[in-house]
Amino acid sequence: MSFVEIEGVGKSFGPNAVLKDFNLTIAKGEFISLLGPSGCGKTTMLRIIAGFESATTGRVRIGGEDVTRLPPNKRHIGMVFQAYALFPNLSVFDNVAFGLKVAGQGKAEIARRVMELLELIKLPDLAHRYPYQLSGGQQQRVALARALAPSPRVLLLDEPLSALDAKIRVSLREEIRSLQRELGITTIFVTHDQEEALSMSDRIVVMNAGCAEQIGTPFEIYNHPRSRFVASFVGTLNALDGVAVGEGVAAIDGQTVAVPGLAASPSAEQFTLALRPESVSLSPRPEATNRLNGTIEDVSFLGSVVRIRLRIGGSTLLFDTFNNPASPPPPRGANATVHFAPGDLQVLESGPVV
Ligand code: ATP
């Protein structure tokens with residue numbers, strides 16, 4: 001049963017069509033990420049769901065109710081923004097109490113609910129502090145508590161972690177996800193950070209130029225990207241120039257490799273082949289098939305792993321090997337042979353790498 005339904009939503013600012021026929025249904029309790037590059041329309045979509053922006057076409061339903069024309073305060077939605085949008089002149093307690101006071105709740109009930117939320121975000125002792133006395137991470141937790149206080153039907157998060165430093169970002173994303181699961185609240189999270197989307201979401205909507213290019217679980221999106229855009233935006237993509245030389249066989253820089261499902265092409269058609277870095281291993285055993293030989297162009301020692309860039313004709317192949325204290329990584333300029341399982345090489349699209 002879908003809880004949030006976005007049907008054919010389009011949005012234009014003057015001549016600029018920012019959203020084009022956007023469709024998405026979200027189940028109750030689901031955590032959905034809108035992932036895409038800057039300017040693809042993520043925030044605009046979120047603002048339309050919240051009611052801060054009106055859709056040019058299409059409709060939005062929440063819990064079966066058409067909210068397309070409802071003002072934001074009638075939608076029962078909580079929202080957290082990128083910048084800490086706390087009221088600077090109000091204490092933590094009063095920030096969290098804000099929506100409850102507007103709703104006309106009694107003093108005792110407000111105090112009970114605010115303390116319940118401060119326990120939930122693990123800041124019960126900071127009720128009387130002011131925003132300027134909090135760290136960035138604490139401010140975002142308070143913003144989350146404020147959004148959740150009136151028990152909204154849907155929680156909207158617009159890049160809430162992007163202003164925080166890396167370590168806090170990782171710990172806060174785990175906290176948000178476990179809180180969301182505990183409350184079972186339907187959540188839509190906007191981010192341009194693929195790692196955030198992959199680690200937090202039940203499903204991801206990869207957006208490109210105002211359209212939902214692919215919708216799927218993190219596993220589906222990462223392992224079965226439907227377009228070159230999705231494959232390169234989510235994860236590291238190795239795009240290799242291949243030529244079809246027979247049924248299920250291609251040549252990369254003159255070296256033949258098996259590509260299951262590749263049709264035989266009498267005209268030696270060119271393809272872009274995709275290979276994820278983690279599918280590639282160095283030093284193949286003698287019996288290993290699907291080998292490629294190249295020249296090591298770059299070696300970055302990253303600690304537990306060593307990232308290697310191999311040049312194979314006109315293509316480059318990026319992959320990692322685990323650090324081995326007994327054996328230093330191969331030097332730049334050396335020849336190296338890598339291998340991968342045949343099924344790991346996928347045809348991304350016809351035509352050469354662009
Ligand atoms: P970012 O990650 O940079 O925030 P985004 O994917 O969230 O990007 P939006 O903020 O939705 O993108 O903006 C999409 C496009 O719509 C941009 O080209 C932006 O300039 C334009 N836009 C957004 N709001 C308005 C507005 N009120 N008036 C005119 N153009 C707007």
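Gly counts as polar here, and Cys as nonpolar. The model shown in these views is predicted.

**View 1. Residues around the ligand.** The shell comprises Phe13, Asn16, Val18, Gly36, Ser38, Gly39, Cys40, Gly41, Lys42, Thr43, Thr44 and His192. By class, eight of the shell residues are polar, three nonpolar and one charged. Strand E2 (16-27) and helix H1 (42-50) each contribute at least two residues. H1 gives the largest share, three residues.

**View 2. Helix H1 and the residue that follows.** Which residues of H1 are buried? They are Lys42, Thr44, Met45, Leu46, Ile48 and Ile49. Lys42 and Thr44 also belong to the shell around the ligand. An α-helix has 3.6 residues a turn, so residues three or four places apart point the same way. Just after H1, Gly51 adopts a positive phi of about 95°.

**View 3. Strand E14 and its partner E11.** E14 spans residues 270-275, and five of its six residues are buried, so the strand is largely enclosed by the rest of the structure. Strand E11 (residues 238-246) pairs with E14 in the antiparallel sense, over six bridges. Leu240 stands opposite Leu273 in E14. In a regular strand, side chains alternate between the two faces of the sheet.

**View 4. Packing of helices H4 and H5.** H4 covers residues 136-148 and H5 covers residues 166-183. Their axes lie 11 Å apart, at an angle of about 20°. Angles under 35 degrees count as roughly parallel, so H4 is roughly parallel to H5. The crossing of H4 and H5 is right-handed.

Notes: Residues are numbered from 1 along each chain as its sequence is written. This is a predicted model: local features need pLDDT of at least 70, side-chain atom pairs count only at pLDDT 80 or more; totals for chains, interfaces and linings use all residues. A residue is near a molecule or strand if its C-beta atom, placed from the backbone, lies within 6 Å of it. Helices (H or I, at least four residues) and strands (E, at least two) are DSSP runs, numbered from the N terminus. A residue is buried if 20 or more other C-beta atoms lie within 10 Å of its own, exposed if 12 or fewer, and partly exposed in between; C-beta atoms are placed from the backbone. Two strands pair if DSSP finds at least two bridges between them. Axes are lines fitted to C-alpha atoms, for helices over the stretch in contact, and angles run from 0 to 180 degrees between N-to-C directions. Angles under 35 degrees count as roughly parallel, over 145 as roughly antiparallel, 65 to 115 as roughly perpendicular and the rest as oblique. A crossing is left-handed if the near helix is turned anticlockwise from the far one by less than a right angle, and right-handed if clockwise.
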